[in-house]
Amino acid sequence: MTVSEVLQTEMTAVAISEPGGPDVLKPETMTVPQPAAGEVLIKVAAAGVNRPDVVQRMGLYPAPPGASPLPGLEVSGVVVALGQGVEPEWMGRKICALTNGGGYAEFCVAPVGQCLPVPDSLTMEEAAALPETLFTVWSNLFNRGFAREDETVLVHGGTSGIGTMAIMLGKLFGLNVIVTCGSDQKCTAAKTIGADHAINYKSQDFVEEIKKITGGQGVEVVLDMVAGDYVPRNLNCLKEDGRHVTIAVQGGMTATLNMAQVMMKRLTLTGSTLRPQSADRKALLADELYRYVWPDIEAGKLKPVMDETFALADAAKAHAHMEAGDHIGKIILKVE
């Protein structure tokens, strides 16, 4: 590690004391982590709260080997120390980073390839709300779903962090975006954010609504975070050569499919999880985002939809707020 201004050896971090509800998140005093080769140490300004953090807290999504056991997959802050091989110009930069864990803390390490600069157009809280959703939506909607200009996509969970980012990123790249939401209020919010259509899945059959909206043609891509019994319904929404991309399994890990339908419509079923992917793969995604999306962020054309900000010590309250399901956009922990 290079010489830095980090003089303290201990920090406050929020740990998972045992698998369970939000109250198992406990502030603790821990040793400041040291950046390994190719990593930077970040003095954290803010950290994003994401659904995978909740699933990890419940004991259902363990950290991959070598990753921090602390929750927190995205942060913003200032680089205060460099691991071996990191160019010296990174020192002192304001960055946001996709981390491998450990974001709920005063200091966090991240591979330098997963760091992106924070432009003047963003607050540090807004910057912390970007990496997890941007990397996820970009890699799944465009890289795996092959969405392209003038195509129509169906996005479930339209007012979640992922959903709001999918709306905004989709519109930047010329997509027609249809979302599902759990209330009329959320449908209104989704349309305000930019969705072309919003379907209240509690009062409407989204399969029938998709048929009406598309004149019976269906959509080219479904970005699905529900899985379970949604999958066969999603396939009914796809037109020929459609693509179904799974990014979460909130509705269950198994589905019963009509494989003749998959064959006849020439459908593609794919999906991914972000955290277990290699540092090289994530660095490639960061490079694509820097080249194709960051100019719009710098110009103020793309900002995350922000819900509520909590203090680091109130991480349990932030998780309870997420699980209540009333949030619209991103939930953030303010660290400094």
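Helices here are DSSP runs of H or I with at least four residues, strands are runs of E with at least two, and both are numbered from the N terminus. What you're looking at is a predicted model, where local features need pLDDT of at least 70, side-chain atom pairs count only at pLDDT 80 or more, and totals for chains, interfaces and linings use all residues. Residues are numbered from 1 along each chain as its sequence is written, and side-chain values use heavy atoms, with hydrogens and water left out.

Let's start with the salt bridges, meaning a side-chain nitrogen of Lys or Arg within 4 Å of a carboxyl oxygen of Asp or Glu. Side chains of opposite charge can pair when their charged atoms come close. Searching the whole structure turns up 14 of these bridges. An α-helix has 3.6 residues a turn, so residues three or four places apart point the same way. The closest N and O atoms of Glu209 and Lys212 are 3.4 Å apart. Buried means under 20% relative accessible area, exposed over 50%, and partly exposed in between, using a 1.4 Å probe and protein chains only. Glu209, with a relative accessible area of 17%, is therefore buried, while Lys212, with 61%, is exposed.

Now for a pair that spans the chain. Lys334 bridges to Glu125 with their closest N and O atoms 3.7 Å apart. This pair links distant parts of the chain, Lys334 being in strand β15 and Glu125 in helix α2 (residues 124-128), 209 residues apart. Lys334 is partly exposed at 40% relative accessibility, and Glu125 is buried at 19%.

Another bridge joins Asp241 and Arg266, whose closest N and O atoms are 3.0 Å apart. Asp241 belongs to strand β12 (residues 238-246) and Arg266 to the loop between α8 (259-265) and β13 (268-271), so the pair ties together parts that are 25 residues apart in sequence. Arg148, Glu151 and Arg243 are also linked, in a network of salt bridges.

Back to α6, this time with its neighbor. The axes of α6 and helix α7 (residues 230-237) come within 9 Å and cross at roughly 10°; axes are lines fitted to C-alpha atoms, for helices over the stretch in contact, with angles running from 0 to 180 degrees between N-to-C directions. Since angles under 35 degrees count as roughly parallel, α6 is roughly parallel to α7. In this contact (heavy atoms within 4.5 Å), Phe206, Val207 and Ile210 of α6 meet Tyr230, Arg233, Asn234, Asn236 and Cys237 of α7.

The other helix pair is set at another angle. The axes of α3 and helix α9 (residues 279-292) come within 10 Å and cross at roughly 90°. That makes α3 roughly perpendicular to α9, a label for angles of 65 to 115 degrees. Residues of α3 in this contact include Leu134, Phe135 and Trp138, and those of α9 include Leu285, Ala286 and Leu289.

Last stop: helix α4 (residues 161-172). Its twelve residues reach 17 Å from first C-alpha to last, close to the 16 Å expected at 1.5 Å a residue, the expected span being 1.5 Å times one less than the number of residues. Ten of the twelve are buried, among them Ile162, Met165 and Leu169. The buried residues of α4 pack against α3 (131-144), β8 (152-155), β9 (176-181), α5 (184-193), β11 (219-224) and β15 (330-334). After α4 comes Gly174, with a positive phi near 75°.

Terms used:
Parallel < 35°, antiparallel > 145°, perpendicular 65-115°, else oblique.
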